[in-house]
Structure formats: structure tokens, C-alpha cells
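Me: I would like to learn how to read the local features of a model, one at a time. Please give the general idea before each case.

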Amino acid sequence: MSSEKIKSRIDAHVIPTYARFPIALTHGEGCHVFDADGKRYLDLGAGIATACLGHGHPEVASALAEQAGKLTHVSNLYYTEPQGLLAEKLVALAGGNGKVFFCNSGAEANEALYKLARLRGADDGQFEILTTLGSFHGRTLAGIAATGQPKVKEGFAPAVEGFRHVPYGDLEAMREAISPATGAILVEPIQGESGVNCASPDYLLGLRELCDERNLLLLLDEVQCGHFRTGNFFGWQTIMAAHAEFAPDACSMGKSIAAGLPMGAIWASAPLQDLLGPGTHGTTFGGTPLVSTSALKAIEIIERDGLAQNATEIGNYLAEQIGQLIAHHPNVLREVRGLGLMIGVELTEGVAAFAESKRPASVQIVERLHTAGLLTIPAGARVFRLLPPLNISKQDADEGLAIIESVIKELAQ
Ligand SMILES: Cc1ncc(COP(=O)(O)O)c(C=O)c1O
């Protein structure tokens with residue numbers, strides 16, 4: 001089927017919640033994907049940080065085929081081996097204590113965190129969760145209430161009660177915002193959607209101290225920055241590498257945890273782990289044998305092939321090379337930031353070539369990169385994100401850098 005046919009069928013029949021780029025993809029191999037007209041793209045977006053082993057990974061494909069032939073889904077009324085193995089592995093990666101809950105998406109994982117926080121604070125009227133401006137926590141009604149961006153809330157009033165936002169990275173603002181109704185603080189260790197903003201170790205340490213002092217839960221949204229992308233399983237483990245004593249009370253997972261299959265999860269530490277119980281929460285598809293097999297296989301490959309280390313090395317290399325490009329073209333590029341393979345590249349304000357269109361510069365640069373054969377992800381007004389598969393090679397990184405350089409040079413003229 002041609003690209004045009006694929007596009008027109010989707011445009012005619014799918015509710016347009018996404019402003020799609022005019023690219024119809026049919027298959028992929030490693031870090032590359034191909035459109036229906038045969039054009040090859042280097043995919044440094046990986047489905048917004050989701051296809052952690054790239055596309056068509058043969059070992060994931062055969063593990064899935066084998067499991068699909070045995071057992072795809074049974075209800076959580078029963079026990080299955082893949083779910084238990086995955087839960088055991090995630091608890092170990094979180095530090096060895098606590099338990100996990102499985103669901104289907106990042107937003108749903110965060111819902112479980114909100115419910116956990118409300119249950120824990122119920123007796124003391126501590127229902128409120130403080131989050132940060134610029135955050136993104138998902139598209140459910142509570143998710144948009146938690147998200148610190150007005151644009152996601154428009155038209156959906158009244159908002160779910162019990163969420164307030166303070167500037168990201170501002171410990172004092174967080175301290176001042178705490179009220180007798182506050183029960184928890186929720187932050188992303190690295191804000192993804194608003195342009196890749198990293199928490200500092202001091203900020204996370206300060207939040208931990210604040211939570212301990214005021215008897216609040218510290219909740220971390222690891223949906224985008226987690227799952228080895230920064231060099232450790234959780235983003236906070238990279239940021240807090242010099243602070244072995246640091247741990248959140250609970251965190252949410254999603255996106256790449258099952259190598260591209262839909263899975264969300266939360267990890268909750270030992271005192272909280274049994275708060276949610278039969279009748280208080282659940283979901284039909286959480287932790288099915290098929291999706292759990294995909295997650296287990298992905299973790300096995302990432303650990304066996306040293307891909308967390310690869311994320312650190314290639315991430316540093318990409319950031320360093322982009323840094324050099326910035327030094328040569330400050331009129332187009334302003335800053336590169338991030339950790340490991342979660343990289344944001346910020347454009348300089350007022351790039352002449354983008355002045356004619358009203359669309360954000362972040363979208364316009366991503367389109368130019370598309371034309372040149374590279375997939376990246378826009379964020380905020382002026383940032384494009386690189387969120388490549390963790391098994392990206394140096395050769396793939398160099399291919400991406402060459403494309404970025406050619407487009408930046410064109411814009412600089
Ligand atoms: C930090 C963060 N939390 C939550 C979500 C929501 O995840 P999902 O789209 O799987 O519901 C996202 C998605 O971009 C995210 O980046």
C-alpha cells in the first residue's frame with residue numbers, strides 16, 4: 001500500500017489526537033525504519049523513547065513468537081511465570097525492596113501513584129500532590145491535572161482536585177507550597193516533554209529531606225527517563241550516583257520498559273507496597289505473559305550486551321559532537337542538555353528560516369531532519385530530542401550527526 005493510501009485511510013477514520021507528520025512507516029531494522037515508498041530513515045526518536053532495542057530485534061521477535069504460541073493473556077486472577085520473573089527483576093533493579101504493580105501505559109502508572117498517595121494520606125486529609133511546572137504526566141483526567149502545562153488542560157474543566165504546581169528545580173518554592181493537605185511530591189528526574197530539563201542531585205536530595213521532614217511521599221515519574229536510558233535502570237540512579245542512601249518512595253514506569261509493547265508499572269517501597277489491594281485497583285491487561293516476556297527479554301539483552309554503558313558512551317559522544325556544532329553555529333543552536341541517550345538540543349531564538357511559519361521552531365527543524373532522512377522528536381517551542389534505541393552503534397550515531405550538521409549548516413546560511 002502506498003504512503004498516500006495509508007495516510008488517507010488513517011486521516012479518514014482515526015480521531016486526530018496526534019498532529020502526524022506525513023510519513024507512513026512499514027518496517028524497521030535496528031535503528032532504521034522504512035516508509036511505504038521505500039525511503040529509509042535513521043530513527044533517533046525510537047517511538048518517543050520506547051523502542052529501546054530498535055526495530056525488528058530478532059531475539060525479542062522470537063521470544064514473543066514462542067510466548068504467543070503458549071499463552072498470550074490470562075487474567076490477573078491467576079499466576080503466570082513471566083509476570084513473576086519480571087516483577088522479581090524490577091524489584092531487584094529498584095534496590096531490592098518493595099513490590100511492583102503492572103498496567104498498560106505511563107499515564108496509567110501515574111494514576112496508580114496518585115491512588116497510592118491518596119490512600120496513604122486518607123486518614124489525615126493529605127490528598128494533595130505537588131508537581132512541577134513544565135511537567136508531563138499523561139492524558140487521563142488526573143494526568144492532565146498533575147501535568148504542569150496549561151495547554152493540556154484546556155477544555156477539560158473542572159480539573160481533578162488535589163494537584164498544584166511549582167517551578168521545577170526550585171526547592172524553596174516546593175517547601176512554601178506544602179499545605180496541611182499535601183501528601184506527596186511528584187517530579188520527573190528529567191522533564192522530557194518540555195525540553196529535557198534535568199534535576200540536580202541537590203534538588204532530588206532536598207526533595208527527599210523535605211518529604212522526610214513533612215511526612216510526604218516522594219514520587220518519581222520515570223516513564224520517559226527510566227529503563228537504562230541514562231546509564232542506570234532509573235534516571236534517579238544516574239543523577240544520584242554519588243548518594244547511595246537516596247531512594248524515592250515509589251516511581252512510575254512505561255514507554256520502553258517492554259521494548260515497544262504497551263506496558264506501564266509502578267514500583268512502591270516496602271512500607272507502601274501493600275496499600276493497594278483487591279478492590280482498590282487493577283487492570284485487565286496488566287503484566288500479561290506476552291508483554292512481560294518482551295520486558296524480560298529486553299532487560300536480559302540490555303544487561304548482557306552492556307547497553308546501559310552504551311547509552312552513557314554514545315550519549316556523551318552525541319552531546320559532545322553537538323556541543324561542537326553549537327560552537328560553530330550559535331545563530332542556530334543554543335544548547336545541548338540531557339543524560340545518556342535522553343538528549344535535548346535547543347535552537348537559538350529567532351532562526352530566520354523559521355520566521356515565516358507560525359508553527360513552533362521545534363516542529364520545523366524536525367521536519368527538515370525528516371527530509372534529510374532522520375527521525376527526532378520535538379519538545380516545547382525550540383527543542384528537538386534524541387531518544388535513540390539503547391543499542392545504537394557509533395556508526396549510526398555518526399550518520400545522525402552528519403544529517404544534523406548538514407541541516408544546521410543549511411539553516412545557518
Ligand atoms: C514523563 C512522562 N510521564 C507520563 C507519560 C504518559 O505516558 P503514556 O503516553 O504511556 O500514557 C509520558 C509520555 O510522554 C511521559 O513522558
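This is a predicted model: local features need pLDDT of at least 70, side-chain atom pairs count only at pLDDT 80 or more; totals for chains, interfaces and linings use all residues.

Me: How are helices and strands defined, and how is an angle between them taken?
Reply: Helices (H or I, at least four residues) and strands (E, at least two) are DSSP runs, numbered from the N terminus. Axes are lines fitted to C-alpha atoms, for helices over the stretch in contact, and angles run from 0 to 180 degrees between N-to-C directions. Under 35 degrees counts as roughly parallel, over 145 as roughly antiparallel, 65 to 115 as roughly perpendicular, and the rest as oblique.

Me: At what angle do helix H11 and helix H13 pack?
Reply: H11 (residues 307–328) and H13 (residues 394–412) pack at about 20°, and their axes are 11 Å apart. The two helices are therefore roughly parallel to each other. Residues are in contact if their C-beta atoms, placed from the backbone, lie within 7 Å. On the H11 side the contact is made by Ile314, Tyr317, Leu318, Gln321 and Leu325, and on the H13 side by Lys394, Ala397, Leu401, Ile404, Glu405 and Ile408. For classes, Ala, Val, Leu, Ile, Met, Phe, Trp, Tyr, Cys and Pro count as nonpolar, Asp, Glu, Lys and Arg as charged, and the others, Gly among them, as polar. This contact of H11 with H13 has eight nonpolar, one polar and two charged residues.

Me: Is a crossing left-handed or right-handed for H11 and H13, and for H3 and H10?
Reply: A crossing is left-handed if the near helix is turned anticlockwise from the far one by less than a right angle, and right-handed if clockwise. H11 and H13 cross in the right-handed sense. H3 also passes H10 in a right-handed crossing. The axes of H3 (residues 58–70) and H10 (residues 289–304) come within 9 Å and cross at roughly 150°. H3 and H10 are therefore roughly antiparallel to each other.

Me: How does helix H4 pack against H10?
Reply: H4 (residues 81–93) packs on H10 at an angle of about 40°, with the axes 8 Å apart. That makes H4 oblique to H10. The crossing of H4 past H10 is left-handed. Pro82, Gln83, Leu85, Leu86 and Lys89 of H4 meet Pro289, Ser292, Thr293, Ala295, Leu296 and Ile299 of H10. By class, this contact of H4 with H10 has seven nonpolar, three polar and one charged residue.

Me: What is the strand order in the antiparallel sheet of four strands?
Reply: Two strands pair if DSSP finds at least two bridges between them. This open sheet has the order E13-E14-E17-E16, with antiparallel pairing. Its edge strands, each pairing on one side only, are E13 (333–339) and E16 (377–379). E13 is joined to E14 (residues 342–347) by six bridges, and glycine 338 stands opposite isoleucine 343 in E14. The hairpin of E13 and E14 has two residues between the strands, and its glycine 340 takes a positive phi near 55°. E16 pairs with E17 (residues 383–386) over three bridges.

Me: What order does the sheet with mixed pairing have?
Reply: The order in this open sheet of four strands is E1-E2-E3-E15. Its edge strands are E1 (25–29) and E15 (374–375). H13 packs on this sheet, touching E3 (40–43) and E15, and its direction makes about 105° with that of E3.

Me: Which residues come nearest to the ligand?
Reply: Near means that the C-beta atom, placed from the backbone, lies within 6 Å. Of the 14 residues around the ligand, Ser105, Gly106, Ala107, Val223 and Gln224 come nearest. Helix H5 (residues 106–121) gives the largest share of the shell, three residues. The shell divides into three nonpolar, eight polar and three charged residues.

Me: Which backbone features remain?
Reply: Most residues other than glycine have a negative phi, and most peptide bonds are trans. The peptide bond from alanine 157 to proline 158 is cis, with omega near -5°. Proline 158 is in the loop between helix H6 (141–146) and strand E6 (163–166). Valine 196 is not a glycine, yet has a positive phi of about 65°. Valine 196 lies in the loop between E8 (190–191) and E9 (197–198).

Conventions. Residues are numbered from 1 along each chain as its sequence is written. Two residues are in contact if their C-beta atoms, placed from the backbone, lie within 7 Å.
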